[in-house]
Amino acid sequence: MIHPNTTLAALAQQFPAHITLLYSSNHDDDLDVLRTVPQELVLKFIESNQFQFVVALAILINCIALSFGSPSDQGLVGVLEWIDVVLSSFFAVEAALGIYAYTLPIYLGSRWRQLDLVVAGEGVWTMFAFFQG
């Protein structure tokens with residue numbers, strides 16, 4: 001049984017090395033949580049400037065593709081639909097990585113991440129409609 005006054009760092013030391021847990025409080029979630037090593041690595045990856053740049057670029061490309069509306073050229077329509085599928089997949093993976101790294105309660109604690117999840121969910125819904133016909 002764990003004593004109520006046990007610190008997270010002391011609790012982390014009780015686990016075997018192959019289940020190493022990290023004490024982390026230096027992220028924007030402002031909560032002290034235990035994360036596994038893979039979660040911490042994913043969190044560092046999704047919070048990196050390079051990944052944030054790729055996300056911003058994907059959002060920009062998505063906005064440009066959406067601005068075309070309903071072009072009359074069928075070839076362009078097909079290209080735009082595939083761009084939408086690829087970007088929706090990317091946003092869904094980004095949201096899944098965020099949920100894994102932050103854990104669901106912390107991920108949903110941010111309004112921006114809630115919006116991100118709604119947008120990713122809508123994209124997945126659109127993908128299913130695209131592949132259904």
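Analyst: The model shown is predicted.

User: Why is A120 called buried?

Analyst: The relative accessibility of A120 is 5%. Buried means under 20%, and A120 therefore counts as buried.

User: Which residues are in contact with A120, leaving aside its neighbours within four places in sequence?

Analyst: A120 is in contact with F91, A92 and A95. Contact requires heavy atoms within 4.5 Å. A95 lies 25 residues from A120 in sequence, while their C-alpha atoms are 6.8 Å apart in space.

User: How do α3 and α4 pack, and what is the hand of their crossing?

Analyst: Helix α3 (residues 49-67) and helix α4 (residues 74-102) pack at an angle of about 150°, and their axes are 10 Å apart. The crossing is left-handed. On the α3 side the contact involves residues including F51, V54 and N62, and on the α4 side residues including L80, D84 and E94.

User: What makes up this contact of α3 with α4, by residue type?

Analyst: The residues divide into 12 nonpolar, 1 polar and 2 charged. Asp and Glu count as charged; D84 and E94 of α4 are among the contact residues.

User: Which residues of the largest nonpolar core touch the most other members?

Analyst: The core has 14 residues, of which L43, I46, F91, A101 and Y102 touch the most other members. Two or more residues come from each of α2 (37-46), α3, α4 and α5 (104-107). With 5 residues, α4 gives the most.

Key
Residues numbered from 1 in each chain as written. Predicted model: local features only at pLDDT ≥ 70, side-chain atom pairs only at ≥ 80, totals over all residues. Heavy atoms only, no water. Axes fitted to C-alpha atoms, helices over the stretch in contact; angles between N-to-C directions. Helix = DSSP H or I, 4+ residues; strand = E, 2+ residues; numbered from the N terminus. Left-handed = near helix turned anticlockwise from the far one by under 90°. Buried < 20%, exposed > 50% of the residue type's maximum accessible area, 1.4 Å probe, protein only. Core = buried A, V, L, I, M, F, W, Y, C linked by side-chain atoms within 4.5 Å.
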